[in-house]
Amino acid sequence: MNYQVKSYEEYKEAYAISVADPEQFWGKVADEFSWHRKWDKVLEWNFTTPDVKWFVNGKLNITENCLDRHLQAQGNKPAIIWEPNGTEEAHRVITYAELHKYVCRFAAVLRKNGVQKGDRVCIYMGMIPELAVAMLACARIGAIHSVIFGGFSAQSISDRLHDAGAEFVITCDGAFRGGKDIPLKNTIDDALINSPAVKKVIVFLRTHTAVSVIKGRDVWWHDEMAAVDEETTMPAEEMDAEDPLFILYTSGSTGKPKGVVHATAGYMIYATYTFVNVFQLQASDVHFCTADIGWITGHTYIVYGVLCAGGTSLMYEGIPTFPDAGRLWDIVDKHKATILYTAPTAIRSLMAHGLAPLSGKDLSSLRVLGTVGEPINEEAWHWYDVHIGKSRCPIVDTWWQTETGGVLMSNIAGVTPSKPGYATLPMPGIQPVLVDDQGNTINGNDVSGNLCISFPWPSIIRTTFGDHERCRVNYFATYPGMYFTGDGCYRDVDGMYRITGRVDDVLNVSGHRIGTAEVENAINMHTGVLESAVVGYPHDLKGQGIYAYVIMESMPDDATHTKADILQTVTRVIGAIARPDKIQFVPGLPKTRSGKIMRRILRKIAEGETENLGDTSTLLDPGVVDVIKNERV
């Protein structure tokens, strides 16, 4: 991999070229991948429409880059090592040759069940190798996959199915996660009550729990696989560089989730480039990313980026604290993981158990540590450094988003400087700009502003599925000519970047983005609720907690019971991930005379900052603030 930078000087040189001549830079990187036909032009773009095209008229298939091109040299190398939820079940090792064969067979199953190029396939599965197989099989035949996190409710799934126009679903009877059995098929059945467009549901047998099987619609994975010849080879569908690879839904500042669309070639190249560089990939690495594949981190740094680079991806079905808080460290030791990539929330959760779970754990195989999902606080950074990395493993603090496809800012392991709590420097090809609220560029160092990117990178979002105008308004209209990340940012005296959090109405809970409007809509569906307002507040474990202010038709006799009922409603409508941590019943909300909720005030109260609430004179009823303040939970 000639594009791997191995020194600070090489990074600076690569960055300079990537800015001065982006087309030459990315064209050279792209030359190292397999193509059916090379591109006519590396880049065409504008951020007005927006319209971004990379590797124009290039033809390829991403699965040939993930699988076929590795077969001759490393067909027997582990592609995926899978560790099950429970310790009593055996782990699985799937080589590149075996994965290639499995993907080809399941691609044949999809074709047999009517899936064609361009069809949308919803995947709702637990963290098992078959989830990666399903994604790759879709990509093999040119179908567009949309993976939905296993924690979402039937309503959330139904919304996504409708938006994507999905006619096919791949799921499991259930999933194991910690001490819980997740009833995936039952949830899908509930979601499909309002989704008559779905023609086929392919069900993988995992938990052996009783499920309904609808004649003509539902088929078993194992039955379908048995009907396909074991030696089936499925030629990879030729795809245009700009053909959609997948849709992944993310919360926005309005209630409806956005279907982020990523294009085949640009996503593949940037995912692989960042994986190889950020973690400084070595041939013998075992890369352990603890994310769920239902999120972008799993797409990029468990599946596509790792396999395109010919790496070994360690995949874990369970949670870090099951059956005890030493499980993650047992997995590292058992499989000799060299890279550990996890979320600050997980680190803080494990910190809370003290050092006893680390007793007897070796961890000497670890070479690089990484964090993702949210800025890591210094205390957690130092604990991770000292107790997990033994003060010898660089920690890469990666900042990126669903919409960016891959890491935009991070220190490069052992190559560029690190600083606790800082994403540090942009990756080659990324041109960050800080702007004020009026869109004026903020130059110099030791400054804060809204973080924008002024130039496209290969894996930038192409559109929001079925609604390109929403893509333009959300990301390109706030500051014309720039991609607006929605994050605030500080650039220190040395030019290093620290992400300071969302500046829009999106919360970052345990590294997952949740729109306040989405949660409010769910709360407002509960009987007796008139109105609600949701804000974030600092949470020791999750980074950001959800604080809900709720106006009821009448104050409940049993507040505890009503709060529990509201939590249940949110769980049913969105999923447990969006449950508020605190609910406060209030007589009213601080609104301006035009009816706008002053969230600034609600945020300060939620944070416990009740003394300095700023000017409240413009409120319709300033007295409501005192009531809310005095009854804060």
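**Burial and packing in a predicted protein chain**

At 2% relative accessibility, Thr-264 counts as buried, a term that stands for under 20% relative accessible area, with exposed meaning over 50% and partly exposed in between (1.4 Å probe, protein chains only). The model is predicted, so local features need pLDDT of at least 70 and side-chain atom pairs count only at pLDDT 80 or more, whereas totals for chains, interfaces and linings use all residues. Residues are numbered from 1 along each chain as its sequence is written, and side-chain values use heavy atoms, with hydrogens and water left out.

Thr-264 is found in helix α10, residues 264-278. Helices (H or I, at least four residues) and strands (E, at least two) are DSSP runs, numbered from the N terminus. Contact means heavy atoms within 4.5 Å. Residues up to four places away in sequence not being counted, Thr-264 touches Leu-60, Ile-62, Asp-240, Ala-241, Asp-243, Pro-244 and Leu-245.

The protein chain has 19 helices and 30 strands. Its radius of gyration is 24 Å, close to the 26 Å that the globule rule gives for 633 residues, so the chain is as compact as a globular protein of that length. The radius is taken over C-alpha atoms, and the rule is 2.2 Å times the number of residues to the power 0.38. Of the 633 residues, 62% count as buried. Among contacts with a separation of 6 or more, 71% come from residues 24 or more positions apart.

A nonpolar core is a set of buried Ala, Val, Leu, Ile, Met, Phe, Trp, Tyr and Cys residues joined through side-chain atoms within 4.5 Å. The largest such core holds 171 residues, of which Phe-55 and Phe-106 touch the most other members. With residues up to four places away in sequence not counted, Phe-106 touches Val-133, Ala-134, Ala-137, Ile-170, Ile-202, Trp-221 and Met-225. A second, separate core of 27 residues includes Phe-288, Trp-329, Ala-337 and Leu-366.

Helix α12 (residues 327-335) is mostly covered, with seven of its nine residues buried. These are Arg-327, Leu-328, Trp-329, Ile-331, Val-332, Asp-333 and His-335. The buried residues of α12 pack against the strands β4 (78-83), β16 (286-289), β17 (312-316) and β18 (339-342), and against the helices α13 (344-351) and α14 (378-388). Just after α12, Lys-336 takes a positive phi of about 50°.
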